Amino acid sequence: SSDLQNLNNCFFDDLHIENPIVDRITSWIDQNSENPKDRLAVITGDAGQGKSVVMRDIFEKVSKKENICVLALKADILSLENDKDFKDQYDCPVSLQKCINTIAAKSEKFILLVDQLDALSLSLSSNRKALTYYNRLINHVMCLPNAKVVISCRLYDLDCDEMLSRYQTSQNVFEVPCLTNENIKEVLVRKGLKNVPATKLLEFLKKPLHLYWYCRLLGEGVSETDVSLTNLYHVLWNRIVLANKENVDFLKKFSSDLYKNQVLSLSKILYETDYNKSIARLLSENIIVETNKRKASLQFVHQSLFDYVNARLLVESNVNITSELIREHQGLFVRARVQQYFAYLRDVNETRYIKELQNFISNDDIRFHLKLLILSWLAFQEHPHKIEKEYVKSMILVNEEYLGPFIENVRSAERF
């Protein structure tokens, strides 16, 4: 449980704002459930909504109660494909299920928290073994009469991944609400800002991740008018990463290795010899974090930052994603890279983005599963651009092959 316990849950210093959803879920945990289906709660929301912080707050509250045992697993760090993985990583002679059975039998109530289950989703990896293992573990714990399970998962993966979508049928789905205007003002005042932000900026800062990076990068050239997470990461890149060529070299190597291995963390030992100074600097700046103390692993502080770095390096290399895919195997392995590429290009070069999007969707040499991925991603956009609406109207809505998949995933009909 240490990986979740060590998660930073403050905007800066000791400033923490507890989401009201925490009390609702802890109240649900206190209730008894005779039906196994009622023993599962799902925490969901968009990327950066604060799901992991909610999970940490739940852990801290519930673990203080008497006769309740809590086990917290971060799926983005502890990727288990079978019982042997667990035994090897923790030098344990028995399986994780048997460990849980023993602990649950000795406790009045047992709670399993599984954070970032979406890290094992098809949108990130072609290897489904870890997700299958976690699904079996969740089902097993739900069948224990004195147990409950709380999982967190991105809304996109919950909607679009076949193995995760079944959790939508849970009677206890909690979508993490945005920060209130009062929450935002409290944080900004503590940061020394007394003026009320403009409406557009205030709306953007309602996501905790956005507010965190905005506070971190104040005074570093952050725009109050053209604000987006990508632009914040631009400032971060220019201020910290470009300060030293070794930083860029390390992040190129690190992000490339993460992509090739289809994982979110890798051993620190692999990079210490060549990039020790950069690792220390990027750790101190909270761009990367050290996880899984037993294995001394490194990962990006947030998955969105990994997506940004990976896509930025790809776009800067002047790669045309469609041409590249035609020359290589278009299996599940490339899905994450394709989605990251278009997400980054959408924010930095709208003209190139829509041109490559049109080429990608219309090209007969691109496999249909990749087109479906991008169509569902496009349909899921919360604030579609004007040029995207025009493209959808002229090219997608008039195409029978694409219309169905697009409509199935669109979040709101008014948006398009």
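This is a predicted model: local features need pLDDT of at least 70, side-chain atom pairs count only at pLDDT 80 or more; totals for chains, interfaces and linings use all residues.
View 1. Asp91 follows H4 and has a positive phi, near 50°.

View 2. Most residues other than glycine have a negative phi. Asp13 has a positive value, with phi near 50°. Its place is in the loop that runs between helix H1 (2–5) and helix H2 (21–30). Asp13 has a relative accessible area of 69% and is exposed. Asn286, also a residue other than glycine, has a positive phi near 60°. This residue belongs to the loop between H14 and strand S7 (288–291). The relative accessibility of Asn286 is 19%, so Asn286 counts as buried; the cut-off for buried is under 20%.

View 3. A pair of aromatic rings is described by the distance of the centres and the angle of the planes. The model holds 18 aromatic pairs. One of them joins Phe250 to Tyr275, with 5.6 Å from centre to centre and 55° between the planes, a tilted arrangement. Phe250 belongs to helix H13 (residues 245–261) and Tyr275 to helix H14 (residues 269–284), so their pairing ties together parts that are 25 residues apart in sequence. Phe250 and Tyr275 are both buried.

**View 4. The edge-to-face pair Tyr341 and Phe342.** The ring centres of Tyr341 and Phe342 are 5.6 Å apart. Their planes stand at 85°, so the pair is edge-to-face; planes over 60 degrees apart count as such. Tyr341 is buried, as is Phe342.

**View 5. An aromatic cluster.** Six side chains are shown here: Tyr212, Trp213, Tyr233, Trp237, Tyr308 and Tyr344 form one aromatic cluster.

**View 6. Lysine charges over aromatic rings.** At Trp28, the charged end of Lys148 sits over the ring, 4.1 Å from its centre. At Phe12, the ring has the charged end of Lys191 over it, at 4.8 Å from the ring centre.

**View 7. Packing of helices H9 and H11.** Helix H9 covers residues 181–190 and helix H11 covers residues 208–216. Their axes are 11 Å apart, and the two helices pack at an angle of about 20°. At that angle H9 is roughly parallel to H11, because angles under 35 degrees count as roughly parallel. The crossing of H9 past H11 is right-handed.

**View 8. The crossing of helices H18 and H19.** The axis of H18 (residues 350–362) comes within 9 Å of the axis of H19, and the two cross at roughly 140°. This makes H18 oblique to H19, because over 145 degrees would be needed for roughly antiparallel. H18 and H19 form a left-handed crossing. Thr351 is one of the residues of H18. With a relative accessible area of 62%, Thr351 is exposed. The C-alpha atoms of Thr351 and Ile387 are 8.9 Å apart in space, while the two residues are 36 residues apart in sequence.

View 9. Gln381 lies in the loop between helix H19 (368–379) and helix H20 (386–396).

**View 10. Leu314 in helix H15.** Helix H15 comprises residues 303–316, and Leu314 is found in it. Leu314 counts as buried, at 4% relative accessibility. Leu298 is 16 residues from Leu314 along the chain, and the C-alpha atoms of the two are separated by 21 Å.

Definitions and conventions: Residues are numbered from 1 along each chain as its sequence is written. Side-chain values use heavy atoms; hydrogens and water are left out. Rings of Phe, Tyr and Trp (its six-membered ring) pair if their centres lie within 6.5 Å; planes under 30 degrees apart count as stacked, over 60 as edge-to-face and the rest as tilted. Helices (H or I, at least four residues) and strands (E, at least two) are DSSP runs, numbered from the N terminus. Buried means under 20% relative accessible area, exposed over 50%, partly exposed in between (1.4 Å probe, protein chains only). A charge sits over a ring if NZ of Lys or CZ of Arg is within 6 Å of the ring centre and within 35 degrees of the ring normal. Axes are lines fitted to C-alpha atoms, for helices over the stretch in contact, and angles run from 0 to 180 degrees between N-to-C directions. Angles under 35 degrees count as roughly parallel, over 145 as roughly antiparallel, 65 to 115 as roughly perpendicular and the rest as oblique. A crossing is left-handed if the near helix is turned anticlockwise from the far one by less than a right angle, and right-handed if clockwise.
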